[in-house]
Amino acid sequence: MVFRTLTDGVTRGIEGALGAVSETLFEPVVRLGVTGLSRAGKTVFITGLVANLLDRGRMPQLRAQAEGRIEAIFLQPQPDDTLPRFDFEAHLAALTGDDPRWPASTRSISELRLSFRVRPSGMLSGLTGPRTVHLDIIDYPGEWLLDLSLMTKTYAQWSDDTLTRLANRPQARPFMAMARAEDGSLKLEEARAQALAASFTDYLNAARKAGWSDCTPGRFMLPGDLAGSPVLTFAPLPAPSQAPRGSLYREMDRRFEAYKSHVVQPFFREHFSRIDRQVVLVDALGAIHAGPQALEDLRRTMAEILQAFRPGRNTFLSQLLLGHRVERILFAATMADHLHHTQHPKLTAIMQSMLREARDRAAFAGALTAAMSLSSLRATVEETVTRHGETVEAVRGRLMESGRQAAMYPGELPDDPARLLSPAREGAERWLDAEFALMRFGPARIALKPGEGPPHIRLDRAAEFLIGDRL
Ligand SMILES: Nc1nc2c(ncn2[C@@H]2O[C@H](COP(=O)(O)OP(=O)(O)OP(=O)(O)O)[C@@H](O)[C@H]2O)c(=O)[nH]1
Ligand SMILES: [Mg+2]
């Protein structure tokens with residue numbers, strides 16, 4: 001008894017030491033970025049994906065799983081000591097507890113490591129033992145990618161560009177009046193700098209609401225723990241004829257550079273540049289429901305965001321990446337459980353068409369791309385109901401507000417995406433020949449069988465596209 005414990009301890013010690021060596025030498029790491037605009041469904045996606053990888057009963061389309069080659073998948077301490085851990089357990093408890101809720105908004109970056117033990121397929125299967133592959137999942141706000149354009153500009157260039165663009169925008173009137181009245185050559189007064197930054201932030205928020213997508217610096221709208229710090233206390237100003245040391249203009253210039261080097265650059269250098277696979281989540285249904293202008297805003301913002309996947313044009317990024325590239329990008333329309341499955345192909349087509357420009361660019365950079373509609377945590381069941389004497393394919397779920405069960409028929413998406421995208425581009429106020437309803441459902445109360453993850457739509461297909469080739 002004593003002897004066994006001892007040898008166990010010894011062998012484990014050796015395995016531990018070997019483990020540390022082999023991890024760096026032989027165990028491949030795949031870094032999966034998960035992004036999307038705020039409320040696109042990132043947190044629910046990661047939680048649903050991880051829960052369904054730990055318990056794989058609902059993952060038939062993941063090939064390694066179907067072939068019975070996955071021996072184990074388990075959570076591990078993450079490799080980056082300074083990143084917050086993605087709080088998987090808390091999010092899963094919220095989603096699948098007795099009183100199921102959607103998780104709270106996260107608005108920052110976080111990370112989680114999953115390790116896979118898989119048996120190789122094909123010819124090698126009899127020859128070698130199981131391999132270990134690590135999957136690092138990184139959740140970050142899509143808004144952060146908007147700042148990429150700042151990296152190649154000086155403060156003077158950025159100020160000129162921004163003030164020119166803002167000149168005719170009604171939302172910018174108060175800020176423009178303030179900026180024009182400012183003399184940048186005078187000595188810095190902190191209160192003035194703060195007032196300018198606050199007015200500029202107000203403009204950014206109003207512009208975002210009004211549908212403008214060129215709202216940078218992105219962290220002004222999602223400041224997190226940087227709120228009030230000098231890196232977020234600057235604004236564009238007209239160039240004075242001279243800007244002596246200690247002047248307002250000089251100090252704004254310094255803070256702009258600090259924003260680039262302390263906020264934008266670290267994110268791109270330490271996180272973005274190391275991503276191998278990327279999923280971009282899009283709440284296309286939410287935008288369609290909100291109307292043509294919201295859909296057009298979403299299209300423009302996504303096009304801007306996805307510039308980050310076409311590094312060629314941006315010297316800062318291409319120097320940083322040094323040839324490293326994202327190999328696969330999945331564009332996913334989330335919350336597809338609001339639609340009967342017969343409509344999913346139409347939703348996918350709309351998203352595909354909306355992102356065409358951006359997708360072509362990514363393809364140009366050599367990445368493999370795919371589009372699909374999915375639901376990370378299915379909150380509805382399908383149901384055929386009679387409506388004005390007609391039968392329609394609807395979905396049923398538990399309403400967020402009242403907790404009551406209700407059936408929803410969201411309307412029929414067009415077969416041709418242009419029927420939505422063209423009026424959106426032309427600035428239509430509302431949809432002419434259709435209406436799209438959307439009810440907010442809460443997560444359903446679920447009783448999971450052993451070995452089964454929470455219900456979803458196509459998470460297994462998404463996982464197969466994103467990492468299947470590495471298993
Ligand atoms: N019905 C349904 N709703 C979903 C699904 N996924 C997300 N949602 C809804 O979308 C909301 C936002 O999801 P999150 O995962 O928190 O989105 P996020 O992108 O992490 O949001 P931020 O952290 O604020 O950036 C949720 O509160 C749900 O209302 C899904 O699969 N089905
Ligand atoms: Mg989140």
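The model is a predicted one, in which local features need pLDDT of at least 70 and side-chain atom pairs count only at pLDDT 80 or more, while totals for chains, interfaces and linings use all residues. Residues are numbered from 1 along each chain as its sequence is written, chains are lettered from A and ligands numbered from 1 in the order in which they are written, and side-chain values use heavy atoms, with hydrogens and water left out. Helices (H or I, at least four residues) and strands (E, at least two) are DSSP runs, numbered from the N terminus.

- Thr-43 belongs to helix α2 (residues 42–54) and Thr-106 to the loop between α4 (88–96) and β3 (110–118), so the pair ties together parts that are 63 residues apart in sequence.
- Thr-43 is buried, at a relative accessible area of 8%, whereas Thr-106 is partly exposed, at 35%; buried means under 20% relative accessible area, exposed over 50%, and partly exposed in between (1.4 Å probe, protein chains only).

**Ligand 1**

- Ligand 1 has 19 residues around it, of which Lys-42, Thr-43, Val-44, Ser-105 and Thr-106 come nearest; a residue is near a molecule or strand if one of its heavy atoms lies within 4 Å of it.
- An oxygen atom of ligand 1 lies 2.9 Å from a polar side-chain atom of Arg-39, and a backbone N or O atom of Gly-41 lies 3.0 Å from an oxygen atom of the ligand.
- For Ala-40, a backbone N or O atom lies 3.2 Å from an oxygen atom of ligand 1.

**The seven-stranded sheet**

- Seven strands form an open sheet with mixed pairing, in the order β2-β3-β4-β1-β5-β6-β7; two strands pair if DSSP finds at least two bridges between them.
- The edge strands, each pairing on one side only, are β2 (70–76) and β7 (368–373).
- Strand β3 runs antiparallel to strand β4 (residues 131–139), and nine bridges join the two.
- Within β4, Thr-132 is the residue that stands opposite Arg-117.

- Strands β8 (residues 380–387) and β9 (residues 390–399) pair in the antiparallel sense over eight bridges, and they form a hairpin with two residues between them, where His-388 in the turn has a positive phi of about 45°.
- Val-395 in β9 stands opposite Glu-382, and Val-395 also stands opposite Met-408 in β10.
- Strand β10 (residues 405–408) pairs with β9 in the antiparallel sense over four bridges, and in their hairpin, with five residues between the strands, Gly-403 takes a positive phi near 80°.
- Strand β11 (residues 441–442) also pairs with β9 in the antiparallel sense, over two bridges, and Gly-442 in β11 is the bridge partner of Arg-398.

**Thr-380**

- Thr-380, found in strand β8, is buried, with a relative accessible area of 6%.
- Leaving aside residues up to four places away in sequence, Thr-380 touches Asp-337, Val-395, Arg-396, Gly-397 and Phe-441, where contact means heavy atoms within 4.5 Å.
- A polar atom of the Thr-380 side chain lies 2.7 Å from the backbone oxygen of Asp-337.

Note on methods: A polar contact is a pair of N or O atoms within 3.5 Å; within protein, one must be able to donate a hydrogen and the other to accept it, and residues adjacent in sequence count only if both atoms are side-chain atoms.
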